[in-house]
Amino acid sequence: MPRLILSRLVFMVLAGFLLLSFLFALFHMIPGDPARLMAGDNAPEELVQSIRRAYGFDQPLHVQYLSYMQRVLMGDFGVSNYTRQPVLEVVLPRIGNTAALAGCAMLFAMTVSLILGSFSAMFWGGPVDKGVTAFSLVGICTPVFVTGIIGIYLFGVYLRWLPIGGMSSWQHFILPVLTLGAYQAAMFTRMVRSCMVDALGRDFITTARAKGAPERRVVFHHALRNALLPIITLFGLGVGHTLGGSVVTETIFNWPGLGRLMVDSILTRDLPVMQGAIFFFAMIFILVNLLVDILYTWADPRVSYD
Amino acid sequence: MKTKHHSRRRAAARLTGASMLVAAGIVSATAQEGEPQYGGQLIYAQSGEKFSLFPGRNTDNGAQDVWLNACENLVELNEESEIVPVLAESWETSEDEKTVTFKLREGVEFHDGTPFDAEAVAFVFNEAKAQDFIYISLLEGFDRAEAVSEHEVAFHLEAPFAALIPNLAYRPLCIFSPTAYQELGEEGMATQIVGTGPFRHTDWVKGEYVLFERNDNYWKEGLPYLDSIKMVVVPDPSTRTAMLERGEVDRAVSLSDFDIPRLELNENIRVRTVPSTRQFYVVLNHMVEPFDDVLVRRALNHAIDKVGMVQAVFAGSGATVPKAPTLSEGVYGYQDMRQEGEDSIFPYDPEMAQSLLQEAGYEDRDGDGTIENADGEDLAFTLWTRKGSTKGDYQVAQLLQSFLGEIGIPIELVVMEAAAFSSAVSQAPDDAEYEMALLSWGIPTADPDEPMMYFTHTKAWKPAGANRMFFSSEELDRLADAAHTETDEDERKELTRQWMAQLLEEAPVIYLPTLHLSLGTRSYVHGDRILAVDNYPATEAWIDHEEMQRQGISR
């Protein structure tokens, strides 16, 4: 296990450097001039030149790249082109905000899907199963921004039960978490259901039933434990989707998270912030995958990394 | 030193009287609305967030309200597009018009407790020149500023410059505390602004909010009424609207045009719109045939239904038809240039468009519905546009394609990413690859000098200025140069009018609608204003606390 963790951490560092180099190359290769974008369409050339000088865009590319990488090694991701704030100061609080949103949404989605998926499999083909299937199909087909806007107007504006924008109290979590979680819950429920249907058809379930084990124990102990391995993989992948989905959710609910920061910095060509945001996004993703691998050994003791 | 009173000063004196009347108007309106009440926090939803708070390095108009609250200018532009004194009480221009001396308001302090005086003003502008602040190009010919006495500062110019005073009203040219600047440096000032304004800037969390608290030592006695202002950043227009409807914010700007009719039915919300200084236009590259032909350019202008465009793209309320070329209602010297009975300049008339094209030698010769030149080659162009950079840009481009298609000119739309577009339309004539490109022109200084000198002037051909049409007209250059140095107000306005009339003759671009600014406010907020230059002053704003409670909003 320690070897796994160590090798993954080394991989993370390598992947981080490759990613930063790739982003640097990408954003310098595509057409467009950040100084021009900052100055505006109608700005005189002197203004664009003065921005270029002030922000170091006039340096040769390899000089810009080397000095950037050197600074990253020292833990300095540069300063935002617009606000002149250090990138880490901008990005780090956002990581916590996105983690809180995505974490709660995942927790909600996992709980709902495990319960609904198991019941659906238990009553396979019956009205409960059909109802759950209908719920998950509607959930999968409704884009996050539609659920979000409906939630805002129904619970925020008309019923006035829940606040809409920001994250200053626990009530602020409810709408974005439900919006983001509902889509994932719908997706997971389908998968949990099919894994459980498969597990419930196995011989050891017949044995358990023949031994007279109560149905609740058969489903939630024997079947679920055995169906867990693919489900954990699925949840691991789901974290990626949730992080991706958080970009839209954060925009609709004005959530000050990493996803919104990433989009804004890409649109405004705030290169240092964009590199920082994407870098940390990728690191979170790698860490989550590591966590999933560790969870495998818990779910199935046959899996060993040593 | 022999001096002559600047005509603007006389205007200012007249204006002081006028603004007193306006103030009286406000008072009587206030009496109907109730006496102003002190206290409370105004929460205000803004759309953008990419700003730096340091005025010398900011390139984003969206940040203007930050300075508006905390940092004041020597002069400012009011709702009637007139210059009124703020930190300068009056000013005089020397006989040779190369020195302007400002008499400063006394007894004013910066938020850090240091005095506002001539030394401070001179420091800010001399530093702007020395450090090449981004706005320095607006102070053309500025040599140096000198403190003549404790409350008198002289601006020395290399040549007379008529737009000096109006440009000083541009928000980024506000007077910040030199002491704070020396302590914090540019980097520190990027997150903290220290000025003399009605509110002190106390906190900023990027992408979330900017907080201002009442300046108890503000020089306007009794103001402001509010305890604090919280500007929250809400990029999504639907969310901004929903937050206003729920009362989570008291004021929201840049509302979605299609939400406005619904908001107007809500008795707890007051919606106001005013024309901004931003006008859409299509750049025609005059290096490409047949855009060098004035008849063709006029024909294209007549082919576009501006009224229909305002209805279809902007729901009738988000924009207005162009009533003058380039300048809009908020700009100094603007005049309605429509002929009697016309609904916009270059009114929609496809038949006239076709006959002008025919006169220029272009018509449908083979009956295939497409216009050809004398050699039988089709008249077809590409139109470059962005999508979502400015409200409605892509839809406007689609309508242009459809209107020009109707008179027989097929248009291919090319949608480009914002940074790539900006760079591609900023090339010198030999490198410019566009035929037509959809852009918009805003005038943050609300003074015609900038468009006259940087938009249509021959000296302003890209990359030097913003003349990306590569258009040249001796008469327009002459009028612009004359207005640039003309310090008599009436003369300058007349030159501006002649410049607009000449633009209508020569039609260097296709003129399109002017965008509106919109402001939605909960009805318990009184006394807040909206200015055409995208400013929303709240110095005199106050909250009716009882009404706020009645609407079920408590914080």
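Two strands pair if DSSP finds at least two bridges between them. Helices (H or I, at least four residues) and strands (E, at least two) are DSSP runs, numbered from the N terminus. The views below show a predicted model, in which local features need pLDDT of at least 70, side-chain atom pairs count only at pLDDT 80 or more, and totals for chains, interfaces and linings use all residues. Residues are numbered from 1 along each chain as its sequence is written, and chains are lettered from A and ligands numbered from 1 in the order in which they are written.

**View 1. Strand β2 of chain B and its pairing partners.**
Strand β2 (residues 41–46) of chain B runs parallel to strand β11 (residues 228–233) of chain B, with six bridges between them. B:Q41 has B:S228 as its bridge partner in β11(B). B:Y44 is bridged to B:M231 in β11(B). Strand β12 (residues 251–253) of chain B also pairs with β2(B), in parallel, through two bridges. There, B:R251 of β12(B) is the bridge partner of B:Y44. Five of the six residues of β2(B) are buried, so the strand is mostly covered. A residue is buried if 20 or more other C-beta atoms lie within 10 Å of its own, exposed if 12 or fewer, and partly exposed in between; these C-beta atoms are placed from the backbone.

**View 2. The antiparallel partner of β11 in chain B.**
Strand β10 (residues 209–214) of chain B pairs with β11(B) in the antiparallel sense. Five bridges link β10(B) and β11(B). B:F212 stands opposite B:I229 of β11(B).

B:Y135 sits in the loop between α3 (118–130) and β7 (142–149) of chain B. Is B:Y135 buried or exposed? B:Y135 is buried, because 20 other C-beta atoms lie within 10 Å. Leaving aside neighbours within four places in sequence, B:Y135 is in contact with B:Y170, B:P172 and B:L173. Two residues are in contact if their C-beta atoms, placed from the backbone, lie within 7 Å. B:E329 is 194 residues from B:Y135 along the chain, and their C-alpha atoms are separated by 24 Å.

**View 3. Where chain B touches chain A.**
The contact involves 40 residues of chain B and 44 residues of chain A. On the chain B side, α6 (237–246), α12 (418–424) and β17 (436–441) each supply at least two residues. This side of chain B has 18 nonpolar, 11 polar and 11 charged residues. Ala, Val, Leu, Ile, Met, Phe, Trp, Tyr, Cys and Pro count as nonpolar, Asp, Glu, Lys and Arg as charged, and the others, Gly among them, as polar.

Chain A has 12 helices and zero strands. Its C-alpha trace spans about 85 × 55 × 35 Å along the principal axes. Of its 306 residues, 40% count as buried. Among contacts in chain A between residues at least 6 apart in sequence, 71% join residues at least 24 apart. The domain assignment, of automatic or database origin, gives domain 1 (2–87) and domain 2 (88–299) of chain A. The C-alpha centres of these two domains lie 33 Å apart. Domain 1 of chain A brings 23 residues to the contact, and domain 2 of chain A brings 19 residues. On the domain 1 side, α1 (2–29) and α2 (34–39) of chain A give two or more residues each. α1(A) gives the most, with 11 residues. The domain 1 side divides into 16 nonpolar, six polar and one charged.

**View 4. Helices α5 and α11 of chain A.**
Helix α5 (residues 87–122) and helix α11 (residues 258–267) of chain A pack at about 135 degrees, with their axes 8 Å apart. Axes are lines fitted to C-alpha atoms, for helices over the stretch in contact, and angles run from 0 to 180 degrees between N-to-C directions. α5(A) and α11(A) are therefore oblique to each other. Angles under 35 degrees count as roughly parallel, over 145 as roughly antiparallel, 65 to 115 as roughly perpendicular and the rest as oblique. α5(A) contributes A:V90, A:V91, A:R94, A:I95 and A:T98 to the contact, and α11(A) contributes A:L258, A:G259 and A:L261. By class, five residues of this contact are nonpolar, two polar and one charged.

**View 5. Helix α9 of chain A and the residue A:G212.**
Helix α9 (residues 203–210) of chain A is hardly covered. The count of buried residues among its eight residues is zero. Just after α9(A), A:G212 takes a positive phi of about 85 degrees.
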